[in-house]
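Please open the structure in your viewer and keep the selection tool at hand. The stops below are taken one after another.

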Amino acid sequence: MPGETVLVIDDSPTILKVVQLVLTKAGFDVRTAADGEQGIELARAARPDLILLDFVMPKMNGYQVCRALADENALRDVPVVLMSAKGDQVGERFVKVMGIVDYITKPFSPDAITAVVTHTIGKYAKPKADSPTAAAEAGDPVAASVSADGGAERAPERLPVPEGAEQALGALAEARRRALDELRTAIAEAVATRLAQNGEVETTAARAKAALEDAVLEALLAGVRTTCPELALGPDAVLTGDLRVVPLAEVLQLLQVQAQSGVLQVARSAGFERDELGEARKASAQQVDVYFRGGKVEYAISTGVSEEFLLGRFVLEQNLMSRQDLDLLLKSRKEQGGRLLGAQLIKLGYISETDLKQVMSRQTCEIVYEVLRWNFGRFVFRPTRDLPAVAVDAALGLSVDGILMEGFRRVDEWHLIEREIDNFDVVFLRNEDAVAQVGRGRLTREELSVLELVNGKNTVKEIIRASRMGSFDVTKMLYRLLSIKLIRKRVMPVAV
């Protein structure tokens, strides 16, 4: 039931951002709060039709928020949907309690969150102004005598609403949605025709601030204003900028909304750059090319990025061939050259075309997840309908929303992991007594393989290379092993 108001309460800025983007695109009026206290205040100021509520939050957890809502006459009947990484454990305990009507487990897809919101609002939303129940609440004795199912219905208490107020609010919401569509179109036209010199972008920014006061769009417009002088790169480069100013997620969303076709190149040059912790580090030149067709991601390829993003890793993950066979094949290809690895694997009978498409989808998503973490670098988008053969053959058709949903979740987890594993040169030791007490049988096969590589000598970088898994997966396992005290950091001796 698009047009209704949804309040999202979550302490993760990235979850708030992506859920807002997905539901706004579906036509809902979305408001966000970073904690329970702020969420209660927003709900009091303007009663939402639905609340999406994270369970684990600082200040007030999900249960405490529900208790606070239950104490408010105007808010106690607002339907609440819990969002939790342990939804199947937490949600089932609290559904039907204090307004909680459903739950959804993180991570969730854009389609899933949209379906849950639409279904819940359709089931629990208050009747509209022209329904029999609304007429009863307004004091109409005739309309009050019959409900939707033919029985008498007692209207809940509510404050009197000025005549025509609900219609006016509905018209205002519709005008706001139209303004958003017009704004997106205006931004694309301004960028595509390079009208920065005549002030069109500044005009668009003013319209955005006056009509929407939308922080996400304001950030995007600020980036466009900053990068507009560089639009003179030539007729093939219609959008370029700095990742410090315009986050890559905003660029991906814009290309999706405008159903663009072409190649988005994201690059970091060699030299010394600042990492996520603000420390200087030596960085090699890296580039990722993301191919779009009609706003969907068809394929992504990386240059200079870690070998963990090569196709062979994902073939091994799917158990499509042994590591020994892959090593022999890679050695043969290096000596002889020749066709692409995927095509060669199909020819040799190791994988099918369906297998290859699944592997390439995983590879492409992992590459985009990685580049979403880059907080420095530059991007250039060049529109074209003549994509290279590798992208045409791949034809993955991946949704930007789906990639961003998982990508943002990973960025959040990376930030948590980096508090304990701040560089890949750290060395860990096994706590053999703790391992014996816990028992290897309680660990997954992947966790056991990583644990065996922890020997007091291997760095995190070497463990990643030896495991043939991705850096995200390996560091996530190391973080878990560290948290349950099966491993510990090796303290390196200080030179005197």
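Select cysteine 365: in this predicted model its relative accessibility is 15%, under the 20% cut-off, so cysteine 365 counts as buried. Move to cysteine 66, which is also buried, with a relative accessible area of 0%. A disulfide is a covalent bond between the sulfur atoms of two cysteines. How many disulfides does a search of the whole structure find? The search finds zero.

Next, select helix 1, residues 13-25, together with helix 17, residues 400-417. Their axes come within 9 Å and cross at roughly 165°. An angle over 145 degrees counts as roughly antiparallel, and helix 1 and helix 17 are therefore roughly antiparallel to each other. Their crossing is left-handed. To see the contact, show the side chains of Thr14, Ile15, Val18, Val22 and Lys25 on helix 1, and of Asp401, Leu404, Met405, Phe408 and Asp412 on helix 17. Six residues of this contact are nonpolar, one is polar and three are charged.

The crossing of helix 17 and helix 21 is left-handed. Which residues meet in helix 17 and helix 21? From helix 17 come Arg409, Arg410, Glu413, Trp414, Leu416 and Ile417, and from helix 21 come Ser471, Phe472, Thr475, Lys476 and Tyr479. Colour them by class: five are nonpolar, two polar and four charged.

Key
Residues are numbered from 1 along each chain as its sequence is written. This is a predicted model: local features need pLDDT of at least 70, side-chain atom pairs count only at pLDDT 80 or more; totals for chains, interfaces and linings use all residues. Side-chain values use heavy atoms; hydrogens and water are left out. Axes are lines fitted to C-alpha atoms, for helices over the stretch in contact, and angles run from 0 to 180 degrees between N-to-C directions. Helices (H or I, at least four residues) and strands (E, at least two) are DSSP runs, numbered from the N terminus. Angles under 35 degrees count as roughly parallel, over 145 as roughly antiparallel, 65 to 115 as roughly perpendicular and the rest as oblique. A crossing is left-handed if the near helix is turned anticlockwise from the far one by less than a right angle, and right-handed if clockwise. Contact means heavy atoms within 4.5 Å. Ala, Val, Leu, Ile, Met, Phe, Trp, Tyr, Cys and Pro count as nonpolar, Asp, Glu, Lys and Arg as charged, and the others, Gly among them, as polar. A disulfide is a pair of cysteine sulfur atoms within 2.5 Å. Buried means under 20% relative accessible area, exposed over 50%, partly exposed in between (1.4 Å probe, protein chains only).
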